[in-house]
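Here is a short briefing on one structure. Look it over first, then read the points below.

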Amino acid sequence: MKTIIPRHGLADFEKMQPLTKSKIIEIFGPPDQEISHENYSIQMNYEEKGLNFYYRISEKEKDAPIITCGFVSPFEGKTEDGIVLNKSTMKDVFRICGEETWLTTDKSPYWWVEESGISFYVPKESSNRDFPFKVEDHIDKTIIRMTVPLTYREEEFLVNEDGLLIRSVDEYCIDGTLHDPIIDEERAEQICSKCGLILDDHMISMEYSGERAFSKAERQRRQTHGSPVNPLIPDLQMATMIDKRATMPDNLRKAIKWDSRYSWKQRNMIQATSEIKRIGELLNLPQHVKVYAIKLYRKAFTLGLLKGRSIRAMVAASIYYACGAEKIPRTLQNIVKVSDSTFHQITKCYQSLIKELNLPSPTISPKNLVSSYISILNLPHNVEVTAGKILDKYEKIYSLSGKDPKGLVAAALYISSQLNKIKISQTKISRTVGITEVTLRNRLREMQKFVRNKKRTTSKNKVEKKK
Ligand SMILES: [Zn+2]
């Protein structure tokens, strides 16, 4: 059994770089069959060997380099990871290489996934039974074809070796045609008019500028607050992709094509990046916090934490964590306000980030939040000073982890007001800070105990001094 390897196909071909049409004929003789694909490529078939090779039609006259080689039965081969042609299933591929997006072209008889330079194919159903697509209908199917791209093609992220536009499974509606997106102006969401799926979490329609298309008001808001994606994080491999797109001549058509090829993974990262940038600008976050959030999001995405969760909630959670880790005082409520996700959704994502990425739980120092509430509640400066002192002391004695900083701030503000003889109700403070009165009372109990202790210590000290 031969070993199928990335970039070369077979180890035997490694010495023959670049592999060309004439070299193939030299080794295997003339092909049994030649198939022309869409004026894009010619497929040379060696049926008895179970091998096929593709070269570009445009290079027919020259000794054309082989762009892709394919393996089918009766070829016997396996990958270095031990995935065996005609024996392993897609489930094995996912188990060994990790789960990947299902890809196809409109006319392809296969679904395939790409895993580190090798594509693994299973047959589609002959009828329309493929749709609505269910993973469980396909995952136990045997891998009946593998392909390995040999030459880098500029457009290989757009079209398959047979020149057809590559699509991911998310792009198909229940009936096997593409989703038909309409914009729900009110909710600023794209939904499919046929199946009702909310599309902008899975397949966004990017406008050429890199901004997403929303309702007019939403667009204006986004345009005011966000500029194109590419200058944000040049070190995060976004720039190359955007540049490629920017230099495309027939821009609209190509942009659409480009967008549909950059299915799921890349589009996901682009959407996440632009969302981080948008929220970052609304919350006035420094660049390093945005970078932190993007790196965190990328990690979460790579580890598959996005499964079943919304991009925007995960983005919000990443930003919240990044703020905490970089000691930028922003509360979860600040973030909920500018995000489209709910408090609950973001909290869920946040918890999974901490748990799955094994992150230390960062805490915003409650002291950093004091001054903003002082001004909202219109409290005098001495209340701020005292509250700051109380929180300082609290931080030195108690662990802050797991405690909502807002509760601590509220309690400190209340006690400090009392100490400074300023009348303010618990209700007013808890409402302003955005916690329940129960939380406030719980924190107060804890803190009053500690302030009382402090008082006792102080008076004891005074007594001692007098002595
Ligand atoms: Zn649909």
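## Helices and burial

Helix α15 is mostly covered, with 13 of its 15 residues buried. The model is predicted.

**Helix α15**
- This helix runs over residues 405-419.
- From its first C-alpha to its last, α15 reaches 21 Å, close to the 21 Å expected at 1.5 Å a residue.
- Just after α15 comes Lys-421, which takes a positive phi of about 60°.

**Helix α14**
- Residues 381-397 form α14, which has 17 residues.
- Its reach from first C-alpha to last is 25 Å, close to the 24 Å expected at 1.5 Å a residue.
- The buried residues of α14 are Val-383, Ala-387, Ile-390, Leu-391 and Tyr-394.

- Is Lys-337 buried or exposed? Lys-337 is exposed, because it has 11 other C-beta atoms within 10 Å, and a residue counts as exposed at 12 or fewer.
- Lys-337 and Ile-279 are 58 residues apart in sequence. In space they are 9.8 Å apart, C-alpha to C-alpha.

How values were computed. Residues numbered from 1 in each chain as written. Predicted model: local features only at pLDDT ≥ 70, side-chain atom pairs only at ≥ 80, totals over all residues. Buried ≥ 20, exposed ≤ 12 C-beta atoms within 10 Å, placed from the backbone. Helix = DSSP H or I, 4+ residues; strand = E, 2+ residues; numbered from the N terminus. Expected span 1.5 Å × (residues − 1).
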